[in-house]
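Here are my notes on this model, written as I went through it. Have a look at the structure first, then read on.

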Amino acid sequence: MENLRSTIKKIFKDAFKSFKRFPASILSALIISVIAVVRISMEWETSKTYNLLFDSLQLSFILGAVFTMATVAYIEVKNKKGNQSFILANICGIALSIVSFLFLYFYGGKTSGAGNVNLSLIAGARISVAIYITIVCYIYITSKAKSINSFSDAFFISHRAFIISFIYGLVTMIGISGVLGAFQALVYRNMDYRIYQYLGVIVGFLTYTIFLGYFPSFIAGEDEDKIKEVKEQPRFIYVLLEYILIPIMISLTVVLLIWSMRVLSKGIDVSFNQLSSIASTYVIIGIWLHIMVSSHQTKLAKFYKTVYPFAGILILIFEAFALFVQINKFGFKTAEYSFLMIWIFALISILLLIFLKNKSYRKIALAAIVISIIWVLPIVGYRDITFNSQVNRLEEILTNQGMLVDDAIVSSEKEVEYEKRGQITEAVNFIANSEKENFPKWFQKDLRNSYVFKDTFGFDKTYVRDREATEYSSANFRIKTEAIDISDYSLSLNMTGNEERDMIYTFKDGNDIYKINLNNPPNATPKVEVKLNDYIIMEKDMRQYLNDLLDKYPIEENREFEVPFEDMHFILERQDVSILFVFNDIDIYFDDVRNTKDYFVNLYGIYVKYK
């Protein structure tokens, strides 16, 4: 018990020391926390108008906080004593935060359809990559310390610091939340829910100070006993890596090798998204585990470190074939480009592991930095490559179909094949939703709109289902633009919150209060419930209505339908009141393997008639 008390006391003492060792990093964390408190305090409608400002500030100071860790570690590893180097290291972190903020705020914004200015996806990706690179650099720098001198040890120390601080933060959050919950239940029931959010911010800041304080000094001759202690893997971590994760990775290797053999006989019979997610996980976790068990000398660990790289080479060959087939079919999109970058990183890393073994880790870290930089660069990065690929693909399809004449899209004189309609739909959606603005002359950004799309191409958007590669399909119904006669109804309810699965609308009739609840649970039939003064007076699920809709508009492939009003409304009534539900769109998703359906209904309007 005394040892536990002294350990906890030491951790919090080290956390306090982090204020002195990493002042700029702590200041950055404090600024991030203050901004979080301000965002919590503001109403959502007000807060979202400042999204660009708040996101730019918080992301910039996250970068500054991590960068300061790296610069302080650098001067410690280089044994540069004196206040001048220390002050410069901290100033660099604050300066980088300010410069990053200016670039994000003035050049990283993008106006949304609702008129709000948010941080663009590419700006968010670039600042995220910068943060990631700084973290890798920090581990790389600390691995050069004389008391460590091993990338795998520095890698593990960083993981250990994160896990220890996370556990302390989690326990603190759960404990204080429990006390607040008891206070709310027993003493003050009107306590603002935002108290828990404020608590989360405070605990997050405390957790970060514990994280920083856990790292020993990297100056030669200092904290050698602590470094020796934190380098050693605790027994439960050793067992987790050795007897759980290694067998799991070996098993996954066997599964992927079996799949590789199947490819030779049956071809690729799984969806690319499934394959890319499994393969990416295998690559990243596999390399991570190789580094984590670098010092393990058991037969199982040695077997894994020997077999993984060679099995990885074979698996990468078949993954490359799958990627080649996918790109030939659909061109480069974000998933394909990202998987290509991971594949290149995996190939480089595995070759390094084969030839350099444990000495390869620092070079693998450098390869990860280079790949991540390429991923967000102009011209060769994911945004430009994928956009240009889809533009070229769409142009080629339209030209071959005779639908691109004199830099203008024209409707085809003959019916376009189903596959081609799907390819056109997919390319148009990708291009229209891109953040790029340099569209070709013949392309309109509002082609994302289903009605504009049909007017331009002469057919509805078509979503092709790859029968061999996926177990899912869908039917999407959109209400046709036309006049709706609601003259018999005396009340119209304003639609809000349509993006939620549970929608509740309230209206009054004299002293009576009606509540309409459209309950849209996952993997279940939507249900309508009407309450009068908190008593249920009408209740009905939409199963029959939705089945009738599918019977009237049968589908063989993924399809989007434009449906007249007569098929896009649902009536619930009794002797004194009638309620008309008009739907803007209804999406039905089929899981053919599990034989289930998931529904999503979006209301156009609710109209009430008293009898």
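1. Ground rules. This is a predicted model, with local features needing pLDDT of at least 70 and side-chain atom pairs counting only at pLDDT 80 or more, while totals for chains, interfaces and linings use all residues. Residues are numbered from 1 along each chain as its sequence is written, and side-chain values use heavy atoms, leaving out hydrogens and water.

2. The chain overall. I find 18 helices and 14 strands in the chain; these are DSSP runs numbered from the N terminus, with helices being H or I of at least four residues and strands E of at least two. The C-alpha trace spans about 85 × 70 × 45 Å along its principal axes. Of the 611 residues, 47% are buried (buried is under 20% relative accessible area, exposed over 50%, partly exposed in between, with a 1.4 Å probe and protein chains only). Take the contacts (heavy atoms within 4.5 Å) between residues at least 6 apart in sequence: 68% of them join residues at least 24 apart.

3. α11 against α12. Two packed helices are described by the angle between their axes and the distance between the axes. Helix α11 (residues 272-292) packs on helix α12 (residues 299-330) at about 155°, and their axes are 11 Å apart. The crossing of α11 past α12 is left-handed, meaning that the near helix is turned anticlockwise from the far one by less than a right angle (clockwise would be right-handed). On the α11 side the contact includes Phe 272, Leu 275, Tyr 282 and Gly 286, and on the α12 side Tyr 308, Pro 309, Ala 311 and Ile 315 are among the residues involved. By class that contact holds 14 nonpolar, four polar and two charged residues (Ala, Val, Leu, Ile, Met, Phe, Trp, Tyr, Cys and Pro count as nonpolar, Asp, Glu, Lys and Arg as charged, and the others, Gly among them, as polar).

4. α11 against α13. How do the axes of α11 and helix α13 cross? They come within 10 Å and cross at roughly 30°, which makes α11 roughly parallel to α13. This crossing is left-handed. Residues of α11 in the contact include Asn 273, Ser 276, Ser 280 and Val 283, and they meet a set in α13 (residues 334-356) that includes Glu 336, Phe 339, Phe 345 and Leu 353. The class count for α11 with α13 is ten nonpolar, five polar and one charged.

5. Thr 253, beside that packing. Thr 253 lies in helix α10 (residues 235-266) and is buried, with a relative accessible area of 7%. Leaving aside neighbours within four places in sequence, Thr 253 is in contact with Tyr 282, Ala 311 and Ile 315.

6. α16. Is helix α16 mostly covered or exposed? Mostly covered: eleven of its 15 residues are buried, among them Arg 421, Gln 423 and Asn 429. The cover includes α13, α15 (382-400) and α17 (450-457). From first C-alpha to last, α16 (residues 418-432) reaches 21 Å, close to the 21 Å expected at 1.5 Å a residue; the expected span is 1.5 Å times one less than the number of residues.

7. Gln 58 sits in helix α4 (residues 51-77) and is buried at 15% relative accessible area. Not counting residues up to four places away in sequence, Gln 58 touches Ile 32, Ile 35, Ala 36 and Arg 39. Phe 67 also lies in α4, but is partly exposed at 27%. With the same exclusion of residues up to four places away, Phe 67 touches Cys 92, Gly 93, Leu 96 and Thr 134.

8. Positive phi. Most residues other than glycine have a negative phi. Ile 379, not a glycine, has a positive phi of about 70°; Ile 379 lies in the loop between α14 (361-376) and α15 and counts as exposed at 65% relative accessibility. Asp 534 has a positive phi near 70°, lies in the loop between β9 (527-532) and β10 (535-541), and is exposed at 57%.

Definitions and conventions
Axes fitted to C-alpha atoms, helices over the stretch in contact; angles between N-to-C directions. Parallel < 35°, antiparallel > 145°, perpendicular 65-115°, else oblique.
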